[in-house]
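Hi,

Here is the structure I promised to pass on to you.

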Amino acid sequence: MGANDALVRLDLNNPVFQSCLLNLQKTDRHAALDTLKKLRQLTWAQLYRDNGLKWEKIVSATPPAGIDAFYSLRITQVRRCTAYRDGDYIRLLTITPDHDSTYGRK
């Protein structure tokens with residue numbers, strides 16, 4: 001079984017991510033939680049291919065210290081979050097208010 005066949009494990013412990021999630025309006029918060037439930041059911045290979053989540057490498061911004069690369073994925077219909085892979089874990093960093101701010105533009 002390869003690394004991409006492992007189920008995605010969630011790390012929701014980042015305080016910035018928690019604050020973003022808890023401050024979403026109710027409908028966006030529920031949509032984000034539905035996405036998190038979906039992530040837990042996917043393998044990494046499925047996550048990479050999922051057209052709804054749109055896992056994309058962020059090249060227009062510098063990753064946080066200690067992280068080689070970070071990515072964005074759709075967490076609600078209009079919001080994206082930033083994250084990185086650490087073994088089998090997806091470590092969630094932020095939820096951005098709009099598409100452009102995910103990529104360091106604006």
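The accessible surface of the chain comes to about 6300 Å², and carbon and sulfur atoms account for 49% of that. Areas like this come from the Shrake-Rupley method with a 1.4 Å probe, and for residues only the protein chains shown count as cover. Before you go further: this is a predicted model, where local features need pLDDT of at least 70, side-chain atom pairs count only at pLDDT 80 or more, and totals for chains, interfaces and linings use all residues. Residues are numbered from 1 along each chain as its sequence is written, and side-chain values use heavy atoms, with hydrogens and water left out.

Now the overall build. The chain has four helices and five strands, and read from the N terminus they go β-α-α-α-β-β-β-β-α. (Helices are DSSP runs of H or I with at least four residues, strands are runs of E with at least two, and both are numbered from the N terminus.) Along the principal axes, the C-alpha atoms fill a box of roughly 40 × 30 × 25 Å. The radius of gyration is 13 Å, which agrees with the value near 13 Å for a compact globule of 106 residues. That radius is taken over C-alpha atoms, and the globule rule is 2.2 Å times the number of residues to the power 0.38.

How much of the chain is buried? Of its 106 residues, 39% count as buried, where buried means under 20% relative accessible area, exposed over 50%, and partly exposed in between (1.4 Å probe, protein chains only). As for contacts (heavy atoms within 4.5 Å), take those between residues at least 6 apart in sequence: 49% of them join residues at least 24 apart.

On to the cysteines. A disulfide is a pair of cysteine sulfur atoms within 2.5 Å, and a search of the whole structure finds zero of them. Cys81 is buried, because its relative accessibility is 0%, while Cys20 counts as partly exposed at 21%.

- Asn4 sits in the segment before strand 1 (9-11) and is partly exposed, with a relative accessible area of 34%. Setting aside neighbours within four places in sequence, Asn4 touches Thr43, Trp44, Ala45, Tyr48 and Arg85. The C-alpha atoms of Asn4 and Tyr48 are 9.0 Å apart, although 44 residues separate them along the chain.
- Thr27 belongs to helix 2 (residues 26-41) and counts as exposed, at 64% relative accessibility. Its C-alpha atom is 9.4 Å from that of Thr76, a residue 49 places away along the chain.
- Lys54 is in the loop between helix 3 (44-49) and strand 2 (56-57), and its relative accessibility of 35% makes it partly exposed. Phi of Lys54 is near 50°, a positive value in a residue other than glycine. Most residues other than glycine have a negative phi.
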